[in-house]
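Have a look at the chain, then read on.

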Amino acid sequence: MTIKNQILIANIVENFNQYDTIYIGFPNWGGKAPNIINTFLESYDLTNKKIIPFGTYHSSGVGETDIYLKPSCEKTNYVNAVAFQMGDLDVIDLWL
């Protein structure tokens with residue numbers, strides 16, 4: 001496996017190829033995922049993987065998360081992002 005952005009990411013995911021479904025969580029900042037999430041997604045071959053993004057927020061909701069993440073997820077089964085209000089742990093547990 002070739003990691004394109006390994007300098008920017010502290011740790012690589014070992015045996016990434018064994019995963020078919022990737023849940024990727026993040027704090028939703030200003031209505032979108034932090035840029036490092038795109039860097040992570042672009043660092044791996046995601047072909048034919050199911051990508052399920054989710055975030056937590058204080059006031060912005062899901063915002064434009066999908067607009068910014070989808071370009072990093074070409075050739076995937078991308079599921080539109082969901083966002084959970086901070087502190088809604090019960091809702092997150094039910095969703096998972």
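This is a predicted model: local features need pLDDT of at least 70, side-chain atom pairs count only at pLDDT 80 or more; totals for chains, interfaces and linings use all residues.

Let's start on the inside. The largest nonpolar core has 16 residues, and those that touch the most other members are Ile37, Phe40, Leu41, Leu46, Ile51 and Leu69. Both β1 (21-27) and α1 (35-42) supply at least two residues each to this core.

Take α1 next. Its buried residues include Ile37, Phe40 and Leu41, along with Asn38 and Thr39. What covers the buried residues of α1? Among the covering elements are β1, β2 (50-57) and α2 (65-69). Phe40 also reaches along the chain: setting aside neighbours within four places in sequence, Phe40 is in contact with Ile9, Val13, Phe16 and Ile24.

Ile24 brings us to β1, a strand with two faces. Ile22, Ile24 and Phe26 make up the covered face, while Thr21, Tyr23, Gly25 and Pro27 make up the uncovered one. β1 pairs with β2 in the parallel sense, over seven bridges. Within β2, Ile52 is the bridge partner of Tyr23.

Together with Trp95 and Leu96, Tyr23 forms a nonpolar patch on the surface, with about 320 Å² of accessible area between the three. Why is Tyr23 counted as partly exposed? Because its relative accessibility is 46%, and partly exposed covers what falls between under 20% (buried) and over 50% (exposed).

Now for α2, where Thr65 lies. Thr65 counts as buried because its relative accessibility is 1%. Leaving out neighbours within four places in sequence, its contacts are Phe26, Asn28, Gly31, Lys32, Ala33, Tyr78 and Ala81. Thr65 and Pro27 are 38 residues apart in sequence, and their C-alpha atoms are 11 Å apart in space.

Asn15 has a positive phi although it is not a glycine, and Asn48 has a positive phi without being a glycine either. Asn15 sits in the segment before β1.

| Residue | Phi | Relative accessible area |
|---|---|---|
| Asn15 | about 55 degrees | 52%, exposed |
| Asn48 | about 65 degrees | 70%, exposed |

Note on methods: Residues are numbered from 1 along each chain as its sequence is written. Side-chain values use heavy atoms; hydrogens and water are left out. A nonpolar core is a set of buried Ala, Val, Leu, Ile, Met, Phe, Trp, Tyr and Cys residues joined through side-chain atoms within 4.5 Å. Buried means under 20% relative accessible area, exposed over 50%, partly exposed in between (1.4 Å probe, protein chains only). Helices (H or I, at least four residues) and strands (E, at least two) are DSSP runs, numbered from the N terminus. Contact means heavy atoms within 4.5 Å. Patches are made of residues with over 30% relative accessible area and no salt bridge: like charges are joined within 9 Å, nonpolar side chains (Val, Leu, Ile, Met, Phe, Trp, Tyr) within 5 Å. Accessible areas come from the Shrake-Rupley method with a 1.4 Å probe; for residues, only the protein chains shown count as cover. A salt bridge is a side-chain nitrogen of Lys or Arg within 4 Å of a carboxyl oxygen of Asp or Glu. Two strands pair if DSSP finds at least two bridges between them.
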